[in-house]
Amino acid sequence: MQHRCLGQKKLFDTMIPRQIEIKVDLNEFADLEKWEEYKKLIGPRKEWLTSQDLEEITIPARDGVPLHAYYLPAEQPSERLVIGLHGYTSCGLSNFCSHAYYFHRMGFDCLIPDHRAHGESDGDYIGFGILDRFDCRAWIDYIDKCFDSKKRILLHGTSMDATTALMAIGAADLPQTVKAVVADCAFTSPYDIFRHILKKDYHIPAHPVMDLNDKMCRRKAGYGFRDYSTLTAVQNTHCPVFFIHGSEDKFVPTWMTEQNYQACASPKEL
């Protein structure tokens, strides 16, 4: 029992609280040699983004957590706006800098949130899409209010926040201003990705560690790992989705995107 409790606590402490210092092995996410090549492109794009006249915005989440974002309007008045959703342990200015450069050149306004427990947003616990889908909706509602529902919104999410984007479009009352989603390597649910990590990296079965972790997360962070899934969301959406997943992804297995694609009831591409 003591061994189980230690395993439970280690998984929770490593993955769920805000990470002041990254506690996960970056080798889990990508080949570090290739990452050095990517940085040659990402670095100048981040310098470009941070040199722009960015407006800082703060709104409350539905549970009161202050959420922060940067807003970069297009050079010319535009009806197109992208909400750029960053990945796990990152922040908007880091994870969405190259995308922002691309979309800005394409004539999009860019809204770049920091998700709860990331960057400049508040919060003690990471939502893994379960909580973040409501935060994403708060940003959609904010944009609709500010621009009188005149913006055509694209959601672009990477990894954890591709999951967020897919979960967000499962809402029955999704505003019609949300026109499409780009989902880059979304996992299907927190439970599925943690179960995959336990099996792949630690050769540990999901039961009982996941059951104990789920209870701990529900008690401390306010949600359970199986409260919602992308598979449920995409079966109940009319929003078009473009699914992307790199075959060399070391963290999220490609079969999760394949399942998301198969389950999706709306117009879709893979």
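Helices here are DSSP runs of H or I with at least four residues, strands are runs of E with at least two, and both are numbered from the N terminus. The model is a predicted one, so local features need pLDDT of at least 70 and side-chain atom pairs count only at pLDDT 80 or more, while totals for chains, interfaces and linings use all residues. Residues are numbered from 1 along each chain as its sequence is written, and side-chain values use heavy atoms, with hydrogens and water left out.

Helix 8 is a handy place to start. Helix 8 is followed by Gly222, which has a positive phi, near 90 degrees. Val209, Met210, Asn213, Asp214, Met216 and Cys217 are the buried residues of helix 8 (buried is under 20% relative accessible area, exposed over 50%, partly exposed in between, with a 1.4 Å probe and protein chains only). Because these residues cover an arc of only 165 degrees around the axis, they sit on the same side of helix 8 (the arc is that of the directions from the helix axis to the C-beta atoms). Lys215 and Arg219, on the other side of helix 8, are exposed.

Then there are the nonpolar cores: sets of buried Ala, Val, Leu, Ile, Met, Phe, Trp, Tyr and Cys residues joined through side-chain atoms within 4.5 Å. The largest has 33 residues, with Ile83, Leu111, Leu155, Leu166, Ile169 and Val181 making the most contacts inside it. Helix 5 gives this core its largest share, five residues.
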